[in-house]
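Hi,

Here is the structure I promised to pass on. My notes follow below it.

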Amino acid sequence: MRDVWLVARFEVFRAIRTWRALALLVLYGVASAGACWLFVRFVGLLENSLAQQLRVPVTKTPGAMLGRLVTSDMWHDVVAAMCGSETLADHLVSIPPLAMFHLWLGFLLVPFFAASASAECIAIDVQSRAVRYELLRTGRIEIVVGRFLGQLALTGAASALSMVTALGVGLGFMLVDDPLALAGWMLVYTPRAWAFGIPFVALGVTASQLTASPAWARVMAIGAAASSWVLLGVARWMETKDGLGLAADVMLQLLPQGWIRGMWDPGWGWLASSAACAALAGAGLVVGYVRFSRRDL
C-alpha cells in the first residue's frame, strides 16, 4: 500500500509538472462553464414561453420566474428527459435546475475526459522504457493501482473545478433566490458525477496497459467510452422487444450507464450505484492487468 501511495502521488505531481493537470482542469472548466451558460439561456427561453402562456411580461434575466417554471408541466417534462424516469422527476422538480443540469452534464463529459486523460499514464512510460526503473523498486500491480488512483484524484479535482465554474455562471447570469441551496445541491451532486467516472478512469488505464503507444491508448479509451453509450442505446431498445429483456438487463448491469438512475436518487441510493461503478472499474483493471503482467517491458 505504501508503494501504491507513492506511485499515485508521483502520478499527480507528474501531471502538475508537465501541465497535463492544468490542461485537464482548464478544458473541463471551460466546457462546463460554456454548457451551463447555454442552459441558463435555455431556462430563460422556457420562462419567456411560460410568461406568454400566462400573459405576463417576459423577463430579460433568467431566473425571475423560476418559482413558476419548476411547478409547470413543461419543466417536469424536461426533468424527466434528463433523469430518464417520470417517477424520479416527481422528486427532482424542486431541486435547483442548474444543479440538476450540472450532474447531467457530468454524466456526459466526465467519461470522455476521464478516459482520455488516463489513457497515457502507463503507455507513455512503456514507450520510453522508464517503467523499467520503477519495476526495480516495486511490482506491476502497484504501478497499475497507483496510476489509477492518481488519475482518479485528478478527475476529482477537475469535477470540483467544474462545480465552481458552473456555480459562478449561475450566480453571474441568472437570478438565484437561494444561492446557498444551489451551492449545497451542487456540492451533493458533484461526487456522483465523479463516482460515475470511476469506470472510465479504469477504462483509460486498461487501454494504457495494452499498448506502448499513448496515442493508440487514447484512441482505444475514447472509442470504448463512446461505444458504451451506443451499447446503452442497444440495451434500451432490447428492453422493448419480447424475449430480449433478460439479455438487456444483463447488458445494463455491465455498463456504467445502467446505474445512472440510481445516481439521481435524492437520498443515499446513489451509494449502491457508486459501488457498482467501482466494481466495474476493478473488473476492467483486472482485464488489462492480465495482459500487462505478462508483457515484456
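Is cysteine 83 buried or exposed? Cysteine 83 counts as buried, at 4% relative accessibility (buried is under 20% relative accessible area, exposed over 50%, partly exposed in between, with a 1.4 Å probe and protein chains only).

Before the rest: this is a predicted model, where local features need pLDDT of at least 70, side-chain atom pairs count only at pLDDT 80 or more, and totals for chains, interfaces and linings use all residues. Residues are numbered from 1 along each chain as its sequence is written, and side-chain values use heavy atoms, with hydrogens and water left out.

Back to the cysteines. Searching the whole structure turns up 0 disulfides (pairs of cysteine sulfur atoms within 2.5 Å). For cysteine 83, the closest cysteine sulfur belongs to cysteine 277 and lies 17 Å away, so that is too far for a bond. Cysteine 121 is in no disulfide either, with the nearest cysteine sulfur, again in cysteine 277, 19 Å away. Cysteine 121 is also buried, at 0% relative accessibility.

Finally, leucine 22 sits in helix H2 (residues 20-54) and is partly exposed, with a relative accessible area of 40%.

Cheers

Definitions and conventions
Helix = DSSP H or I, 4+ residues; strand = E, 2+ residues; numbered from the N terminus.
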